[in-house]
Structures are given as C-alpha cells and as structure tokens.
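Open the model in your viewer and keep the selection panel at hand.

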Amino acid sequence: MSRFRSILDTMPAYKPGKAVVSPDGRSYKLSSNESPFGPLPSVVEAIARAATEVHRYPDPGAVRLTETLAERFGVPYDHVALGAGSVAVAQQILEAVGEPGADVVYAWRSFEAYPLLVGLSGANAVEVPLRDETHDLDAMAEAITPETRLVFVCNPNNPTGTVNRADELTRFLDRVPENVTVVLDEAYREYVRDADVPDGLTLYRERPNVAVLRTFSKAYGLAGLRVGYLIGHEPVAAAVRKTLLPFAVNHLAQAAAIASLRAEDELQERVETVIKERSRVREALLSQGWTVPPTEANFVWLRLGERTMEFAGTCAAAGVAVRPFDGEGARISIGDREANDVFLTAAEAFRRAS
C-alpha cells in the first residue's frame, strides 16, 4: 500500500465557496469574494490575443508582468515575485521557511488556507485568537519565539473584513525581530477606504523583513486565471521565486494582469460601485438588528455561532450561496444590487424567525 505523509491524516480539505440554486431557479454566488463584474473589454482583448500563442510555453520569469508591477508600484524589479494566485505565493514563501521545528504565527479566524499551507510546509501553526473580530497584534507579538520564522497579518482580515491601523501595525512591526518575516496579506487592499489603514508598501520599504502579498483575483476580476504577487526585499522575493513551480503563471494570466494594470482607471469605477454596495448592505443589516463589524473588504461578516449552518440554509433556499464557518459565522460577498437585495431579504426573514 502507498505511504503518505502523516500530516494528511489530520488536515481537512480546503473548501471553496459553492453555488446554490433555489427551487425557482435563482442562483447568486456570494461565497467566494469574487468580483461581480466580468473582465474589462481591454482585458478580454488582451486574453484573446494571447490565446493565439498558447501553443508556446509561458515566459517562466513573467518578465513583462514583473516589469509592469515594479513600475506601477515604484519598486525594484528584483523585489517582485509572482505565483498562481496569492495563495500559491503564500505556499511558496512557506516552502522557503517551513520545516520541522519552525513556527508560523497568524490570527484565527483568518484566511482558511493558512493552517493547511503551514501544515504542508512542515512548520508548526501558532494561532492567536482575534480580539473584537480583529487581529490582536499585541498577543501576536507575544506569541513570537526564537522558533518563529514567519507571521501572517491579513489586513483587511478574511473573513471578518476588519483592519489594523497604522499606529498599532507600526508598533507591532517594531516588536518583531529582524530575522522573522512578516507577510502583510493585502488581497483586499483595493477596497480599503479607511485613511488610517496603511498601504503595506509604505511599510515594507524601510523594513527588510516585511513583504506584501496581493492578488489579481479580487478587485481585478481575474480569479479564474490565478495570478498573485509578493513585493519584498530581494532576499525574501528571491526565496519566493526559487519555490515557484516552472511555468505556474500561465500566458493568459500574464497578459490579462498587464492589461488590467493599464486599465486601472476603469477598474476603479467598478471598485467604487462595490464599495457603495458594501455600505448599503452593511447599513441594511444593521437596521435589521444584526451586529456587523466595519469592513474594508468586499464582504461582510456575521457572527452566528451555532446557528451558522441554519442561516446558510435559509440563504441557499433563496438561491444565495454564502460562506459559512460552522459554529462561528458566515461571510457574505458583495455582489451586484440584485444579488445583494435577495440576500438582504433572506437575512431579514431569518432574523424575524429567530
């Protein structure tokens, strides 16, 4: 019989957001934090052009995309590293630091892939409970030991949407030893409107142990093409590049990402639409009597405890897929106005029946 790593016996499989269909055929997927908009026309054109070249291998170094990112953010070329989505880049850096005896610190609940990726890397996961649905940075600093190699700070946090602001984040980084890498996971950075939430790229520049992780899957609407990136000082970025599977960032993804960066003005209009809907959905939920943490991402969070799966079932019956975390709560992505209205109706019905 085949033999496998023992860690696989204790690891649950990653559960992506699902789609559902109501009895009358309605289906609204608000479970995966996807953009409600399709790719921009200029991006579609770039993909179509690139499709004529898919008989060739992609550029393994993604040189043009790396150059475009470096120019866009005003960073050195060798500070940029790519992967097939930001979750893949997270895995790449864990492959670079993770081994038996090493610790990786992160908040919990946070991005659900963290414990899976840390376990696969061979490192020990050190989970620090949230405080008021937000990273408890003081407790996370206290959790750092000589065995700590890496700390993830998801800002805004997935699935709560909450943020850590400049003063507390700077104080935290000041407490982190220089030989511990801090990855600021900013998958939802484009949706942040709180002026006190720092852009991680302003923090990384003077801190060699800080790196910023971002993605084209959310605001840029390229979830199906899988492209993410890390910006960090050369030793960190170089380690991430070393652990990249050859040709992992495919040709279409590279072309679409470059086109998306060139169309950011159009993209921003779509982001603003989502932000307005985010405010409307949260205010409606508050008026229904729900407790909803302030969110700077493209989703809202409801702490539901033991009623989480019942709530998800009510939404599914209305044709709305949400992302439940059994025994904890549900994350609801911001969709278009129609989808959001159907969700709000289901949420109000659940509230009244409670």
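**Stop 1: the annotated span**

Select residues 29-345: the span is 41% helix and 17% strand, and its end C-alpha atoms lie 15 Å apart. The model you are looking at is predicted. UniProt lists residues 29-345 as "domain: Aminotransferase class I/classII large", in an unreviewed entry.

**Stop 2: helix α6**

Next, select residues 166-175, which form helix α6. Which residues of α6 are buried? They are Leu 169, Phe 172 and Leu 173. Look down the axis of α6: the buried residues fall within an arc of 95°, so they line one face of the helix. An α-helix has 3.6 residues a turn, so residues three or four places apart point the same way.

Now turn to the face of α6 that points away from the buried side, and show Asp 167, Arg 171 and Asp 174, which are exposed.

**Stop 3: the cavity**

How many cavities of 30 Å³ or more does the structure hold? There is 1. The largest cavity has a volume of about 70 Å³. To find it, select its lining: Ser 35, Phe 37, Gly 38, Pro 39, Leu 40, Val 43, Ala 219, Tyr 220, Gly 221, Ser 260, Leu 267 and Arg 270. Coloured by type, the lining of the largest cavity shows 7 nonpolar, 4 polar and 1 charged residues.

Definitions and conventions:
Residues numbered from 1 in each chain as written. Predicted model: local features only at pLDDT ≥ 70, side-chain atom pairs only at ≥ 80, totals over all residues. Heavy atoms only, no water. UniProt positions renumbered as here; feature names shortened; annotations may be inferred. Helix = DSSP H or I, 4+ residues; strand = E, 2+ residues; numbered from the N terminus. Buried < 20%, exposed > 50% of the residue type's maximum accessible area, 1.4 Å probe, protein only. Arc of directions from axis to C-beta. 1 Å grid on protein atoms, 1.4 Å probe; cavity = no way out; pocket = protein on both sides within 12 Å on 5 of 7 lines; lining within 4 Å. Points joined across faces, edges and corners; volume = space filled by probe spheres on them. Nonpolar A, V, L, I, M, F, W, Y, C, P; charged D, E, K, R; others polar.
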